[in-house]
Amino acid sequence: MNDSRRRDGLLRLYGPGELDQLDPVGAPRAPGDQLLRLCTRQLFSYRADDLRGWQSVAPVPDLAAAIPSIYNAGVGASYTSYVVQLRPGVLWDTAPPRPVTAHDVVRGLKRLGNPFRPPRVLPYFTGTIRGMAEFHDGFRSAFAGHDPSAAALAEYQNTHEIAGILVLDDETLVFELIRPSLEILDILALPCASPAPVEYDAFLPDSPELRRNIRSLGPYRPRPGSSDGHLVLEHNPVWRQDLDPVRHRNLAALEVTREPVSAQEVAEKIRAGEADLPWGVPLSSATPHDPADLGFTLDYLVFNTRSPGAGGALGKVKVRQAIAYAIDKAAVAEVVAASGTGAAIRPATSIVPPGNDAHQPLDVTPTRGHRGDAARSRALLAEAGYPDGLTVTAIAPATDVGRRIAQACAAGLAEAGITVQITALDQRAYRSLLQDPEHAETGEWDIATASWAAGWRYRNGRAFLE
């Protein structure tokens with residue numbers, strides 16, 4: 001790091017990572033969730049620690065005063081009722097500063113059900129907390145067929161309740177579950193489960209206007225004037241270390257600059273002393289982890305079964321099976337390993353990863369050395385009515401590793417007679433295509449390369465299945 005920057009306490013990050021999801025309801029992926037950790041707080045969170053032991057990935061109290069248990073009367077005998085007491089004294093950086101309350105926690109959870117921008121992890125909540133699914137369904141139905149205004153969304157939230165979330169007083173909540181859940185504390189520790197101040201009612205979820213008006217509970221807050229390409233986090237003057245057992249404040253400020261650059265360009269910027277750390281790209285390999293370590297990231301393909309491309313080929317099971325057999329998983333693993341994450345890589349042969357009770361050592365598309373089976377793939381294509389092969393359109397994130405993964409997949413498919421036309425998209429356009437069902441039927445894409453990690457590291461088989 002540049003010495004002058006060390007002295008003034010400014011840490012400069014530079015790279016292609018996202019900066020446009022400061023609203024917790026967006027449930028951002030890495031590296032954006034690292035910024036949310038500095039500005040938001042949840043009822044429960046995780047220590048900043050080595051992730052190779054289960055103690056390090058177990059939730060700890062954050063806004064909550066303690067972990068609910070049968071010993072502190074926080075968990076009912078049926079394990080479907082959790083009482084949470086808030087830590088007193090935590091303040092919003094509003095003018096004047098205002099205590100965070102149980103009502104703010106409920107407001108944050110209600111925002112998850114909005115029909116405008118619901119988070120991808122919503123099923124964790126609707127499948128666990130009593131009444132959450134009904135609240136979401138009612139929210140969606142109330143605004144079906146038209147674009148809601150911020151005022152209309154706020155009115156619905158403020159006049160409807162989630163049956164299984166009860167506010168006993170400003171500092172006490174009760175969560176009633178559909179059934180006992182091993183993951184309830186992990187679910188409530190997700191970034192999207194952050195409390196929301198009443199000020200957020202004036203804005204559409206995850207809108208540019210809301211991102212310019214973020215209120216903080218953490219050690220830092222966005223400086224006014226930040227944009228999607230440049231963000232400065234400054235001290236939150238009302239944050240207190242003695243009331244935050246999870247976070248620390250060791251810097252005067254953080255400056256994050258986002259540009260669509262390669263890892264090599266980021267490295268050159270750091271060597272020139274114009275940046276201190278990379279943002280969104282790894283630059284060096286860490287010590288490889290033991291393959292039995294906790295936590296997995298899954299690289300996978302998304303099939304657009306609604307696409308009219310190639311005569312609706314992706315809607316046919318045998319075509320999808322042919323693609324699965326043609327993929328050279330080992331080549332994809334080599335791309336990921338070369339990206340510098342330092343993690344152990346293994347070809348996935350089943351959805352639920354090791355370390356979970358639901359894991360089974362299956363391989364539904366076995367090939368020698370995970371290198372693909374072009375002959376089997378061609379035979380399946382012929383059975384599906386494509387003896388001469390077919391052409392598909394693939395979308396991929398416009399990052400170095402995203403492009404290389406797509407190219408590795410395309411090379412394997414080419415061996416089987418499947419021509420792949422790759423379109424690399426920035427994250428916003430990529431998410432828009434994947435999350436909008438109407439786009440699925442336009443023929444803009446047939447398959448997509450994707451990467452996903454569970455929101456919690458321990459006992460997360462359910463997350464992979466959902």
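Let's begin with charge: the protein chain carries 47 positive and 55 negative side chains, and the centres of these two sets lie 2 Å apart. Please keep in mind as you look around that this is a predicted model.

Now take in the chain as a whole. Its secondary structure comes to 17 helices and 16 strands. The radius of gyration is 23 Å, close to the 23 Å that the globule rule gives for 466 residues, so the chain is as compact as a globular protein of that length.

You can find Tyr 14 in strand S1, which covers residues 10–15. Is this residue buried or exposed? Tyr 14 has a relative accessibility of 7%, which is under the 20% cut-off, so it counts as buried. Leaving out residues up to four places away in sequence, Tyr 14 touches a set of residues that includes Thr 257, Val 261, Lys 269, Leu 277 and Trp 279. Glu 259 also belongs to that set, and here the two side chains are joined by a polar contact of 2.7 Å. For a sense of distance, look across to Glu 176: it is 162 residues from Tyr 14 along the chain, and the C-alpha atoms of the two are separated by 43 Å.

Our next stop is Ser 181, in the loop that runs between strand S8 (172–176) and helix H7 (184–188). Ser 181 has a relative accessible area of 12%, again under 20%, and is therefore buried. Which side chain does the side chain of Ser 181 meet in a polar contact? The partner is Glu 183, at 2.9 Å. A polar atom of the Ser 181 side chain also lies 3.3 Å from the backbone nitrogen of Ile 184. Setting aside neighbours within four places in sequence, Ser 181 is in contact with Tyr 79, Tyr 82, Thr 128 and Arg 462.

Finally, let's look at some details of the backbone. As background, most residues other than glycine have a negative phi, and most peptide bonds are trans. In this chain, the peptide bond from Ala 95 to Pro 96 is cis, with omega near 0°. Pro 96 sits in the loop between strand S5 (91–92) and strand S6 (98–99).

Phi brings us to His 370, where the value is positive, near 60°, in a residue other than glycine. You will find His 370 in the loop between helix H12 (329–338) and helix H13 (374–383), and its relative accessibility of 24% makes it partly exposed. Arg 459 is not a glycine either, yet its phi is positive at about 55°. This residue belongs to the loop between strand S16 (447–453) and helix H17 (461–465). Arg 459 has a relative accessibility of 36%, so it counts as partly exposed.

Notes
Residues are numbered from 1 along each chain as its sequence is written. This is a predicted model: local features need pLDDT of at least 70, side-chain atom pairs count only at pLDDT 80 or more; totals for chains, interfaces and linings use all residues. Side-chain values use heavy atoms; hydrogens and water are left out. Helices (H or I, at least four residues) and strands (E, at least two) are DSSP runs, numbered from the N terminus. The radius of gyration is taken over C-alpha atoms; the globule rule is 2.2 Å times the number of residues to the power 0.38. Lys and Arg count as positive and Asp and Glu as negative; His and the chain ends are not counted. The place of a charge is taken as NZ of Lys, CZ of Arg, CG of Asp or CD of Glu. Buried means under 20% relative accessible area, exposed over 50%, partly exposed in between (1.4 Å probe, protein chains only). A polar contact is a pair of N or O atoms within 3.5 Å; within protein, one must be able to donate a hydrogen and the other to accept it, and residues adjacent in sequence count only if both atoms are side-chain atoms. Contact means heavy atoms within 4.5 Å.
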